[in-house]
Amino acid sequence: MKRVVLIGLAVVLVALGLVLGRAVVNSSGARAFPAQAAAGELPMAPGFDLETLDGDGRIALSEYAGRVVVVNFWASWCDPCKDEAPLLEELWRTEGEPNDVAFIGVDTQDLRSDARAFASTYRLTYPLVYDQGGGVARDWGVSAFPETFVLDRSGRAVAWFPGEITADGLRDAIAEAEARG
Amino acid sequence: MTRALLLLALLALLIAPAGAAAAEPRFEMADIESELMCPTCQSRLDMSSSPAAERIRAFVEEKRQAGWTEQEVKDALVADFGPAVLAAPPAEGMGLVAWLVPMLAVGGGALVVAGLVVLWRRRRADDEADDAPVEAVAADGAMDARIDAALRALDD
């Protein structure tokens, strides 16, 4: 009887340990990416393969290997994202497209219909993907909106912008990423 | 012509109540709000006033007024936000863990309590068995008589 009790206890403790362990690893591991980027440790971006917001295809970050990439996380209900959207679009047209710098907007934790309306309202022309379920935002350690990462040609994060970007800040980060070769 | 118009009017009368019934809300906001999570603040929708929660609340109300069922609204939200938008996870995949762990904890706890009760009763039974010969001796009338006789002999 003692053995049965001990086995029962062990099973319960192991199950609880697994669940708690998974939660701790998920939260601390993902959050480390922006922190490392902010500390200048040049962490490798987690990557993604997501459906476009329009639903007419998929975009994988790996397709942009060899290019500087600006990854912007946003949501339609986020007020700072509304303020930031026209500036991002302008920078895409002036700094991105002419210089082969990729811009990707990742819409996350959002109603897809709202996000499409947002993209239409702000006339966003750079590629937009839809992070259904928010898994990619979690992998990247995104905890507030907007957040923007600038990746160098090897996919390492040279800059992280929690909150709205500034034109000068993003230009400098793009220049730094390009300078890394 | 008049007959055709009358037929149309009759048809409109027949269709109107059916349409109105279809758009009638089929669930209460308070019920579904306690079963949904705010995806950005990790708290229940009825306890959150974040922008994301407000938008979801507006979406739910819009669909409720359009006559959607509670399940249809939940399905639409899960399609966009994933199963984490549900306060109670589905009993499949990783969601199954959330259901199994409390069951295992309760089951394990019951096992421990049952085990302790059995051990306690067994120990008590052993203690009673140890005490039994003393009581038997005390209850033995012949032994009492022999002791009394021995004491009397000593007195004499």
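How do H2(A) and H5(A) lie relative to each other? In this predicted model, the axes of helix H2 (residues 79-96) of chain A and helix H5 (residues 167-179) of chain A come within 11 Å and cross at roughly 40 degrees. An angle of 65 to 115 degrees would count as roughly perpendicular and one under 35 degrees as roughly parallel; H2(A) and H5(A) are therefore oblique to each other. The crossing in which H2(A) passes H5(A) is right-handed.

If you zoom in on this contact, H2(A) contributes Leu87(A), Leu91(A) and Glu95(A), while H5(A) contributes Ala167(A), Leu170(A), Arg171(A) and Ile174(A).

Next, the strands. Seven of them form an open sheet in chain A, in the order E2-E1-E5-E4-E3-E6-E7, with mixed pairing. At the edges stand E2 and E7 of chain A, each with a single partner strand, so one side of each has no neighbour in the sheet. From one strand to the next, the twist averages 30 degrees.

As a reminder, strands of a sheet pair through backbone hydrogen bonds, either parallel or antiparallel. Strand E3 (residues 69-74) of chain A and strand E4 (residues 102-108) of chain A pair in the parallel sense over six bridges. Strand E6 (residues 147-151) of chain A and E7(A) run antiparallel and are joined by five bridges.

| Residue | Bridge partner | Strand of the partner |
|---|---|---|
| Val70(A) | Phe103(A) | E4(A) |
| Trp74(A) | Asp107(A) | E4(A) |
| Phe149(A) | Trp160(A) | E7(A) |

H2(A) returns here: this helix packs on the sheet, where it touches E3 and E4 of chain A, and its direction makes about 160 degrees with that of E4(A).

How many of the six residues of E3(A) are buried? Six of the six are, so E3(A) is largely enclosed by the rest of the structure. Val69(A), Val71(A) and Phe73(A) point one way from the strand, and Val70(A), Asn72(A) and Trp74(A) point the other way; all are buried.

Strand E7 (residues 157-162) of chain A has five of its six residues buried, so this strand too is largely enclosed by the rest of the structure. E7(A) stands at an edge of the sheet with a single partner strand. With E6(A), E7(A) forms a hairpin that has five residues between the strands, and in the turn Gly155(A) has a positive phi of about 85 degrees.

**Backbone details and loops**

Most residues other than glycine have a negative phi, and most peptide bonds are trans. Some places in the model are worth a look with that in mind.

Gln109(A) has a phi near 50 degrees, a positive value in a residue other than glycine. The loop between E4 and helix H3 (112-121) of chain A holds Gln109(A). Is Gln109(A) buried or exposed? There are 27 other C-beta atoms within 10 Å, and 20 or more make a residue buried, so Gln109(A) is buried.

Gln42(B) also has a positive phi, of about 55 degrees, although it is not a glycine. This residue lies in the loop between helix H2 (29-33) and helix H3 (51-65) of chain B. Gln42(B) counts as exposed, because it has 9 C-beta neighbours inside 10 Å.

Back in chain A, the peptide bond from Phe145(A) to Pro146(A) is cis, with omega near -10 degrees. Pro146(A) is placed in the loop between helix H4 (135-139) and E6 of chain A.

Gly57(A) is found in the loop between strand E1 (49-52) and strand E2 (58-60) of chain A. With 9 other C-beta atoms within 10 Å, Gly57(A) is exposed. Gly57(A) and Val129(A) are 72 residues apart along the chain, and their C-alpha atoms are separated by 9.3 Å.

**Chain B as a whole**

Chain B has six helices and zero strands, and its elements run α-α-α-α-α-α from the N terminus on. Of the 156 residues of chain B, 12% count as buried. Among contacts in chain B between residues at least 6 apart in sequence, 48% join residues at least 24 apart.

Definitions and conventions: Residues are numbered from 1 along each chain as its sequence is written. Chains are lettered from A and ligands numbered from 1 in the order in which they are written. This is a predicted model: local features need pLDDT of at least 70, side-chain atom pairs count only at pLDDT 80 or more; totals for chains, interfaces and linings use all residues. Axes are lines fitted to C-alpha atoms, for helices over the stretch in contact, and angles run from 0 to 180 degrees between N-to-C directions. Helices (H or I, at least four residues) and strands (E, at least two) are DSSP runs, numbered from the N terminus. Angles under 35 degrees count as roughly parallel, over 145 as roughly antiparallel, 65 to 115 as roughly perpendicular and the rest as oblique. A crossing is left-handed if the near helix is turned anticlockwise from the far one by less than a right angle, and right-handed if clockwise. Two residues are in contact if their C-beta atoms, placed from the backbone, lie within 7 Å. Two strands pair if DSSP finds at least two bridges between them.
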